[in-house]
Amino acid sequence: TDEAARETLLKALCEITDGKMYCEAERAKLTRMLSSLKESQGKIGEAADTLQDINVETYGALSKREKVDYILDQVRLMLAKGDRVRAYILSKKVQRKVLEEEDLQDLKIRFYKLMAEYHVLEDAPFELAKDFWAIFNTKCVQDDEASWRDALESTAVFLALSEFAPGVSDMMHRVLADPSAKEKLDSL
């Protein structure tokens, strides 16, 4: 079918599933499909607004992975739209503890890359250092030399660019004392 008919159908299905608890997962998926359609048409603002209508973190029918993935899509679209405030608010909905789970490593990397994009816009080098340090401390990154090297170098550069504060000093000492960072640097 053509895009206009598909968009009409998706809107109708979203309206039908609105407010029905037993259709939470389906509504989230339909809304995401509608948002993707608008994004492919170049309507980033509409896509972001469409996806933002869903508070997916309250949905019991979705798995943790689906919820985090959905929220990351919301953050990505808000950053693309230029709405940094909403992007930041949405990022706070992702629990950092959940990102540490073994099967969510790809989402952890995606999350911290989005946060790095946000912190670049906010001109926050210390926050960027923390983002790249979190990426470095991911198992799949540790296994890939190019990835860990990039993350560790970025951590060091942004720590050096940070205005001196007790937190910056503390992080410098933690990075220098970290056994995995030492091991990686010694292997070079």
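Trp 148 lies in helix α10. Helices here are DSSP runs of H or I with at least four residues, strands are runs of E with at least two, and both are numbered from the N terminus. Trp 148 is buried, because its relative accessible area is 5%. Buried means under 20% relative accessible area, exposed means over 50%, and partly exposed lies in between, with a 1.4 Å probe and protein chains only. Trp 148 and Thr 138 are ten residues apart in sequence, and their C-alpha atoms are 8.8 Å apart in space.

A word on the source. This is a predicted model, in which local features need pLDDT of at least 70 and side-chain atom pairs count only at pLDDT 80 or more, while totals for chains, interfaces and linings use all residues. Residues are numbered from 1 along each chain as its sequence is written, and side-chain values use heavy atoms, leaving out hydrogens and water.

Now the overall view. The protein has twelve helices and zero strands. Its C-alpha atoms fill a box of roughly 60 × 30 × 30 Å, taken along the principal axes. Of its 188 residues, 42% count as buried. Contact means heavy atoms within 4.5 Å. Among contacts with a separation of 6 or more, 56% come from residues 24 or more positions apart.

Back to α10. This helix covers residues 145–161. Its 17 residues should span 24 Å at 1.5 Å a residue, and its end C-alpha atoms are 24 Å apart, so the two agree. The expected span of a helix is 1.5 Å times one less than its number of residues. Which residues of α10 are buried? They are Trp 148, Ala 151, Leu 152, Ser 154, Thr 155 and Leu 159. Seen down the axis of α10, the buried residues fall within an arc of 160°, so they line one face of the helix. The arc is that of the directions from the helix axis to the C-beta atoms. On the other side of α10, Ala 146, Ala 160 and Leu 161 are exposed. The cover over the buried residues of α10 includes α8 (125–136), α9 (139–142), α11 (166–177) and α12 (179–186).

Thr 155 counts as buried because its relative accessibility is 1%. Leaving aside neighbours within four places in sequence, Thr 155 is in contact with Ala 129, Phe 132, Trp 133, Met 171 and Val 175. Val 157 is also found in α10. With a relative accessible area of 45%, Val 157 is partly exposed. Val 157 and Leu 79 are 78 residues apart in sequence and 24 Å apart in space, C-alpha to C-alpha.

Turn next to α7. Helix α7 (residues 105–122) has 18 residues. It reaches 25 Å from its first C-alpha to its last, close to the 26 Å expected at 1.5 Å a residue. Its buried residues include Leu 107, Ile 109, Phe 111, Tyr 112, Leu 114, Met 115 and Tyr 118. What covers the buried residues of α7 includes α4, α5 (84–91), α6 (96–99), α8 and α9. Asp 123 follows α7, and its phi is positive, near 55°.

The last stop is α2 and its partners. Helix α1 (residues 3–17) and α2 pack at an angle of about 150°, with their axes 9 Å apart. That makes α1 roughly antiparallel to α2. Axes are lines fitted to C-alpha atoms, for helices over the stretch in contact, and angles run from 0 to 180 degrees between N-to-C directions. Angles under 35 degrees count as roughly parallel, over 145 as roughly antiparallel, 65 to 115 as roughly perpendicular and the rest as oblique. Residues of α1 that meet α2 include Leu 10, Leu 13 and Cys 14. Among those of α2 that meet α1 are Leu 30, Met 33 and Leu 37.

The axes of α2 and helix α3 (residues 44–52) come within 8 Å and cross at roughly 170°. That makes α2 roughly antiparallel to α3. Among the α3 residues that meet α2 are Ile 44, Ala 47 and Leu 51.

How do α2 and α4 lie? The axes of α2 (residues 24–40) and α4 (residues 64–81) come within 12 Å and cross at roughly 30°. That makes α2 roughly parallel to α4. Residues of α2 that meet α4 include Ala 28, Lys 29 and Arg 32. On the α4 side, Asp 69, Tyr 70 and Asp 73 are among the residues that meet α2.
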